Every structure is written in structure tokens, then in C-alpha cells.
Amino acid sequence: MGSSGVGKSTILNSLSGSSAKTAGIREDDAKGRHTTTARCLYPVGDGRWLMDTPGMRALRLYDVSDGVAAVFQDLVDLAEHCRFSDCNHESEPGCAIQAAIEEGELDPSRLKRWKKLAREELYNSETVAQSRSRTKSFSKMIKRVQADNRILKGDY
């Protein structure tokens with residue numbers, strides 16, 4: 001799996017001896033071209049198969065909160081000792097996670113990964129209505145910023 005033009009079909013051809021359609025890179029930006037238009041299975045021997053797919057913009061994980069909690073159980077346990085139950089683990093007083101980082105017991109990059117996966121889970125588990133509301137709010141904010149910039153430039 002991967003983005004369009006990254007070489008999925010080329011790898012498939014070299015592994016399987018197949019002749020899936022490929023295209024060269026674009027001259028203007030040296031990026032690959034979108035070639036594959038449908039999923040297809042190719043035999044690679046010994047009863048094994050590879051699937052070639054069109055490029056995908058994004059892959060999302062769904063309902064992974066239990067798995068994230070298990071992988072980051074140490075952070076979940078530390079978070080229970082924060083002074084505030086809605087602690088963001090940034091600069092709040094009494095944050096047990098920040099205290100562990102300051103004491104050298106926790107790598108800050110681990111907190112960063114945990115927070116990133118938690119944000120992704122929120123995003124991926126939202127309802128259609130929540131997604132539309134978020135998109136609408138973002139669009140309004142962009143229009144407001146653009147209008148403010150036009151006023152500042154005198155282009156209104």
C-alpha cells in the first residue's frame with residue numbers, strides 16, 4: 001500500500017515476474033505517475049499472492065483505543081496521578097507525566113507519539129455529523145482569516 005507513483009507495481013513486477021503496467025517519473029517534479037486503476041491479485045509462487053492497489057491518500061486505523069492504551073500503559077498509569085483529570089500533559093501544575101519527563105524517567109517523544117495516536121483515534125472515530133461540523137468550522141475560520149488579510153491589505 002502507498003501513495004500513487006511510489007513504485008508498488010514496480011516492486012510487484014520484480015517480486016512476481018509479472019508485467020503490471022508502470023509509468024516513468026514526471027520530468028517536471030520527478031514524482032511517480034498514477035498508473036494502477038483497480039486492485040488485482042498476482043501469483044508469486046508457492047501458493048502466495050500479492051495484491052497491487054491504486055494509490056491511497058490515507059490509511060486510517062479504527063477502534064484502536066484499547067490497543068493504544070495497552071502499548072502506552074505506563075503513560076495511562078502516570079496520567080491517573082495528574083492533579084487534574086482533564087490534564088493535557090503540557091504545562092499544567094501537578095502533571096505526573098511532565099514530572100516523569102523532567103526526572104528523566106520518560107522520553108518526551110513517547111508522550112508525543114501517544115498524543116498523536118490519541119488525536120488520530122478521535123479523528124477516525126468521529127461521526128459523519130461531527131466530521132461535517134469540524135470541516136465547516138475550519139472552512140469558516142479560513143474565510144475569516146482571508147477576509148481579515150484582504151482588509152489589512154486594503155483589497156476589500
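Which residue follows helix 6, and is its phi positive or negative?

Analyst: Glycine 154 follows helix 6, and its phi is positive, near 80°. This is a predicted model: local features need pLDDT of at least 70, side-chain atom pairs need 80 or more, and totals for chains, interfaces and linings use all residues. Residues are numbered from 1 along each chain as its sequence is written, and side-chain values use heavy atoms, without hydrogens or water.

Start with helix 6 itself. It covers residues 128-153. Helices here are DSSP runs of H or I, at least four residues long, and strands are runs of E, at least two. Helix 6 holds 26 residues. Its first and last C-alpha atoms are 37 Å apart, close to the 38 Å expected. That expected span is 1.5 Å times one less than the number of residues.

Isoleucine 142 sits in helix 6. Its relative accessibility is 32%, so it counts as partly exposed. The scale is simple: buried is under 20%, exposed is over 50%, and partly exposed is in between, with a 1.4 Å probe and protein chains only.

Now helix 5, residues 108-124. Its 17 residues should span 24 Å at 1.5 Å a residue, and its end C-alpha atoms are 24 Å apart, which agrees. Leu111, Trp114, Lys115, Glu121 and Asn124 are buried there. The buried residues of helix 5 pack against helix 2 (65-71), helix 3 (73-79) and helix 4 (96-102).

Lysine 115 deserves a stop. At 18% relative accessibility it counts as buried. A polar atom of its side chain lies 2.8 Å from the backbone oxygen of asparagine 88. Beyond its neighbours within four places in sequence, Lys115 is in contact (heavy atoms within 4.5 Å) with Asn88, His89 and Glu90.

Step back to the whole protein. It has six helices and two strands. From the N terminus, the order is α-β-β-α-α-α-α-α. Of its 156 residues, 22% are buried. Take contacts between residues at least 6 apart in sequence: 42% join residues at least 24 apart. The protein exposes about 12000 Å², and carbon and sulfur atoms supply 53% of that area.

Conventions. Areas by Shrake-Rupley, 256 points an atom, 1.4 Å probe, with all protein chains shown as cover. Polar contact = N/O pair within 3.5 Å; in protein donor to acceptor, adjacent residues only side chain to side chain.
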